[in-house]
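The sequence and structure come first.

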Amino acid sequence: MPRLVIAAPSSGSGKTTVATGLMAAFAGRGLAVSPHKVGPDYIDPGYHALATGRPGRNLDAYLCGPELVAPLFAHGARGCDLAVVEGVMGLFDGASGQGELASTAHVAKLLRAPVVLVVDASSQARSVAALVHGFASFDPEVRLAGVILNKVGSDRHEAVLREALDESGVPVFGALRRGGEVVTPSRHLGLVPVAERGAEAVAAVAAMAELVRVGCDLDALYAVARSAPSSDCAAWDAAEVLGSLPRPGPRTPDGLNGPDRTVNDQPRIAVAGGPAFTFSYAEHSELLAAAGAEVVTFDPLRDEQLPVGTSALVIGGGFPEVYVSELSANEPLRKAVGELARSGAPVVAECAGLLYLARSLDGQPMCGVLDADARMSERLTLGYRDAVAVSDSVPVANGTRVRGHEFHRTVVEPGAGATPAWGITRPERRVEGFVQGGVHASYLHVHWASVPQAARRIVAQATEVARATEGVTPS
């Protein structure tokens with residue numbers, strides 16, 4: 001698989017513009033491009049998906065473990081002509097206190113992929129060579145194939161930069177002019193997601209593609225991508241992963257466990273989407289489907305009822321705080337969610353989903369499933385977490401250890417229910433989240449590829465709900 005990793009010395013250098021522009025530019029040449037993002041970020045993959053027409057996928061060595069990075073990459077890139085991986089932060093910046101773990105450099109090494117460094121050259125001249133030399137020599141196992149110069153001031157400035165880098169022996173694959181940057185609006189948690197921008201996002205991605213097409217040597221970049229060594233790594237496969245797991249209980253009336261059912265018993269699992277709930281990993285729905293569920297997306301801003309026949313609900317992350325008035329005004333759906341939760345059906349919520357299930361958000365009524373209130377905060381909560389399940393719940397058994405990620409500017413009071421969801425063990429020790437009946441709600445984002453049993457357990461319980469709804473009493 002021809003592949004490139006787009007990295008930078010630091011955040012704000014232009015990785016997203018260059019990576020997204022490359023994806024769109026190569027797709028415009030008729031290539032099937034597989035888009036990837038290092039780390040837990042949900043927003044950039046939305047732009048990647050718009051650029052390529054394929055799901056944007058995350059490669060996170062902390063959340064999923066280093067051993068899953070290459071298989072997940074191969075899964076996403078299956079059938080493509082080229083894969084472009086956007087890095088995170090600076091090239092060597094990883095999980096705090098964990099060395100190279102989950103850094104762009106770490107992922108590049110796991111993929112054996114060449115790295116192209118995007119350098120903000122706006123305040124540099126010959127010093128750019130020293131900077132690039134340092135990045136090229138810091139870790140001999142990372143192959144720095146060349147650079148793309150960003151925010152170049154003039155033809156003369158470009159000539160000086162290229163001359164300096166010629167002396168260092170590092171190829172220059174492109175130079176993007178200062179002032180030519182594509183404006184992508186941001187707010188309290190980063191870029192505004194694609195789903196909220198509509199035609200503006202389409203225009204932005206097209207502008208990125210044109211900027212990169214004009215300023216970069218696409219043929220040279222594709223040649224570098226093709227120079228990546230071949231790999232015999234087996235692609236991750238949701239059905240194979242689930243097939244290797246022990247079967248969950250309880251047993252169903254036909255004597256089979258969990259997802260082994262006739263098609264008529266296929267449970268319908270509703271997944272929140274739309275502008276208010278844009279954070280999800282593509283593998284979650286794939287795991288649910290492989291476990292036997294029919295996955296249906298609904299929009300809490302517009303749909304007044306859950307999809308007909310819903311027997312489980314998954315509400316991921318997003319920005320309910322931005323749409324709090326609209327969500328609150330949709331009283332019929334809030335009532336339907338509350339009724340489903342009180343029936344004992346599986347309801348699994350992360351971060352934004354937690355806020356939506358609360359009694360109120362910034363003083364406006366939400367679903368009232370949880371005896372808790374949420375509000376915006378000035379403080380950003382951000383970082384990886386190690387956690388252990390402190391109670392049995394629909395997605396995980398008591399004692400299950402996971403690695404997750406928190407990213408929010410809100411506070412829920414209280415922060416944990418009578419039965420908490422997680423015991424956070426690192427970086428601090430505390431309990432967090434809510435487990436009540438079939439509800440599991442927490443701030444913690446978890447990548448289910450690392451805990452695939454979560455999908456199987458959700459589907460197994462949803463099957464019981466579906467059977468009971470149809471008037472069949474489980475044995």
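Arg126 and Glu167 form a salt bridge (a side-chain nitrogen of Lys or Arg within 4 Å of a carboxyl oxygen of Asp or Glu), with the closest N and O atoms 3.4 Å apart. Arg126 sits in the loop between strand E5 (115-120) and helix H5 (127-138), and Glu167 in helix H6 (residues 155-168), so the pair ties together parts that are 41 residues apart in sequence. Helices (H or I, at least four residues) and strands (E, at least two) are DSSP runs, numbered from the N terminus.

The model is predicted: local features need pLDDT of at least 70 and side-chain atom pairs count only at pLDDT 80 or more, while totals for chains, interfaces and linings use all residues. Residues are numbered from 1 along each chain as its sequence is written, and side-chain values use heavy atoms, with hydrogens and water left out.

**Salt bridges**

- Arg126 is exposed at a relative accessible area of 59%, and Glu167 is also exposed, at 54%. Buried means under 20% relative accessible area, exposed over 50%, and partly exposed in between (1.4 Å probe, protein chains only).
- Lys37 and Asp44 are joined by a salt bridge with an N to O distance of 3.2 Å. Lys37 is buried at 5% relative accessibility, and Asp44 is buried at 7%.
- Within helix H6, Arg162 and Glu158 lie 4 residues apart, about one turn of the helix. Their side chains meet in a salt bridge of 2.8 Å, N to O. Arg162 is partly exposed at 28% relative accessibility, whereas Glu158 is buried at 16%.
- A network of salt bridges links Glu100, Lys109, Asp139 and Glu141.
- In total, the structure holds 23 salt bridges.

**Helix H5**

- H5 has 12 residues, which at 1.5 Å a residue should span 16 Å; the end C-alpha atoms are 17 Å apart, which agrees. The expected span of a helix is 1.5 Å times one less than its number of residues.
- The buried residues of H5 are Val128, Ala129, Val132 and Phe135. These residues cover an arc of only 130° around the axis, so they are on the same side of H5. The arc is that of the directions from the helix axis to the C-beta atoms.
- Cover for the buried residues of H5 includes E5, strand E6 (144-152) and H6.
- On the face turned away from the buried side, H5 carries the exposed residues Ser127, Ala130 and Phe138.

**His445**

- His445 is placed in strand E22 (residues 445-446) and is buried, with a relative accessible area of 2%.
- Leaving aside residues up to four places away in sequence, His445 touches Tyr42, Phe279, Gly317, Glu350, Cys351, Arg403, Gly404 and His405. Contact means heavy atoms within 4.5 Å.

**Cysteines**

- A disulfide is a covalent bond between the sulfur atoms of two cysteines. The criterion is a pair of cysteine sulfur atoms within 2.5 Å, and a search of the whole structure finds 0 disulfides.
- Cys80 is in no disulfide, and the nearest cysteine sulfur, that of Cys233, is 16 Å away. Cys80 is buried, with a relative accessible area of 10%.
- Cys367 is likewise in no disulfide; the nearest cysteine sulfur belongs to Cys351, 15 Å away. Cys367 is buried at 9% relative accessibility.
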